[in-house]
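Here is a short briefing on one protein model. Look over the sequence and the structure, then read the points below.

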Amino acid sequence: MSNYWKEDTNKASKDIMIIPLNDDYEGGEFTVADGKEVPQKVGSCIQFDQSAEDVSKRLTHGVGKVTKGTRYSLVFWNFK
């Protein structure tokens, strides 16, 4: 549980932003929808809608298993 969260303070995320911080690892592919891989370039920003009002419209996304090294990313949620 987050140290920030307190009862009755829930916030809805408008979108999510992911900034890859390194590329010296293997695996860890970032995918959206039905497995389409999104290129990760250090310092770039991957941003997509989280559709807080309609969960069914949220973009399915994920990260493959890192097989060598450590994958670092900075993740932001843009709240309404």
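**A33 and its loop**

A33 sits in the loop that links β3 (30–32) and β4 (36–38). Strands here are DSSP runs of E with at least two residues, helices are runs of H or I with at least four, and both are numbered from the N terminus. This is a predicted model: local features need pLDDT of at least 70, side-chain atom pairs count only at pLDDT 80 or more, and totals for chains, interfaces and linings use all residues. Residues are numbered from 1 along each chain as its sequence is written, and side-chain values use heavy atoms, with hydrogens and water left out.

- The phi angle of A33 is near 50°. That is a positive value in a residue other than glycine.
- A33 counts as partly exposed because its relative accessibility is 45%. Buried means under 20% relative accessible area, exposed means over 50%, and partly exposed lies in between (1.4 Å probe, protein chains only).

**The whole protein**

- The protein has zero helices and eight strands.
- Along the sequence, the pattern reads β-β-β-β-β-β-β-β.
- The protein has 80 residues, and 20% of them count as buried.
- Accessible areas come from the Shrake-Rupley method with a 1.4 Å probe; for residues, only the protein chains shown count as cover.
- Take the contacts with a separation of 6 or more: residues 24 or more positions apart account for 74% of them. A contact means heavy atoms within 4.5 Å.

**The three-stranded sheet**

- Three strands form an open sheet in the order β5-β1-β8, with antiparallel pairing. Two strands pair if DSSP finds at least two bridges between them.
- β5 (46–49) and β8 (73–79) stand at the edges. Each has a single partner strand, so one side of each has no neighbour in the sheet.
- On average, neighbouring strands of this sheet are turned by 15° against each other, direction ignored. The axes behind this angle are lines fitted to C-alpha atoms (for helices, over the stretch in contact), and angles run from 0 to 180 degrees between N-to-C directions.
- β1 and β8 pair in the antiparallel sense over seven bridges.
- P20 stands opposite S73 in β8.

**Two residues of β5**

- I46 lies in strand β5. Is I46 buried or exposed? I46 is buried, because its relative accessible area is 9%.
- Leaving out residues up to four places away in sequence, I46 touches I16, M17, I18, P20, F30, V38, P39 and Q40.
- I46 and V75 are 29 residues apart in sequence, and their C-alpha atoms are 9.5 Å apart in space.
- D49 is also in strand β5. D49 is partly exposed, because its relative accessible area is 45%.
- D49 and K14 are 35 residues apart along the chain, yet 6.3 Å separates their C-alpha atoms.
- Leaving out residues up to four places away in sequence, D49 touches K14, D15 and L59.

**A nonpolar surface patch**

- L21, Y72, L74 and F76 form a nonpolar patch on the surface. Together they have about 390 Å² of accessible area.
- Patches are made of residues with over 30% relative accessible area and no salt bridge; like charges are joined within 9 Å, and nonpolar side chains (Val, Leu, Ile, Met, Phe, Trp, Tyr) within 5 Å. A salt bridge is a side-chain nitrogen of Lys or Arg within 4 Å of a carboxyl oxygen of Asp or Glu.
- L21 is in the loop between β1 (13–20) and β2 (26–27). L21 counts as partly exposed because its relative accessibility is 45%.
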